[in-house]
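Hello,

Here is the structure we talked about. Please look through it first; my notes follow below.

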Amino acid sequence: MKRLMIASMALAFFSSYAQNQKTTFKNETKMNKKILIIVSNANAIGSNNRRTGTFLPEVAHPYAEFEKANYQIDFASLTGDTPYLDALNLANDPDNLAFLTGKGWETMQKAVKLSTVEVSKYDAVFVPGGLAPMVDMPENELLKKVIKETYERNAVVGAVCHGPVSLLNVKLSNGSYLVNGKKISLLLQMKKKKVTLLQMYRFY
């Protein structure tokens, strides 16, 4: 059974998933599961060039849960350049602060270029939200290939908030789109109804 995981709230979703999977993973292997977090490199969106980046809580909270579950966590970005963070005003949240002052943000700043990663070695890929993914992820061919191959080998594909934009245009080996027939998010439903990304940018 293919495993596709998408949520609107990072903490609630991945807290539940991590807790439910701990026992199963311990029984499967003593080796740590490996998760690749794929982040955007965009720092502006829309005609007004609104500043953006990966939304801090949507990477920090999942990171905290993955860390509690003893997963190995690595970061990749589309270009290999240093990613941007948004919502730094929320730094007083405990998980957000721990991410910024611990090894989370330090590791994310050193995110490697996605094209250099052997993604098949990872048990899951996760795409955090923020407006940034709206800019560089909908049409990125390599990202689509990575998600397709991860999904088809029964590894976990996860995304949160605007992160599911990464699933747009992912076509499986059977010719169908990954999102076909799935209830995912308002964003993707808007896309299926032919609302263009340019139209969505007007909200920003």
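**Two asparagines in loops**

Asn49 lies in the loop between strand S3 (44–45) and strand S4 (50–51); helices (H or I, at least four residues) and strands (E, at least two) are DSSP runs, numbered from the N terminus. This is a predicted model, in which local features need pLDDT of at least 70 and side-chain atom pairs count only at pLDDT 80 or more, while totals for chains, interfaces and linings use all residues. Residues are numbered from 1 along each chain as its sequence is written, and side-chain values use heavy atoms, with hydrogens and water left out.

Most residues other than glycine have a negative phi. Asn49 is not a glycine, yet its phi is positive, about 50 degrees. Asn49 counts as exposed because its relative accessibility is 53% (buried means under 20% relative accessible area, exposed over 50%, partly exposed in between; 1.4 Å probe, protein chains only). Asn169 also has a positive phi, near 70 degrees, and sits in the loop between strand S10 (156–160) and helix H7 (186–192).

**Aromatic rings**

The structure holds five aromatic pairs (rings of Phe, Tyr and Trp, the last by its six-membered ring, with centres within 6.5 Å; planes under 30 degrees apart count as stacked, over 60 as edge-to-face and the rest as tilted). One of them, Phe66 and Tyr71, is tilted, at 6.0 Å centre to centre and 40 degrees between the planes. Phe66 and Tyr71 are both buried. Phe75 and Phe99 form an edge-to-face pair, at 6.5 Å and 65 degrees. Phe75 lies in strand S6 (residues 72–77) and Phe99 in helix H3 (residues 94–101), so this pair ties together parts 24 residues apart in sequence.

Regards
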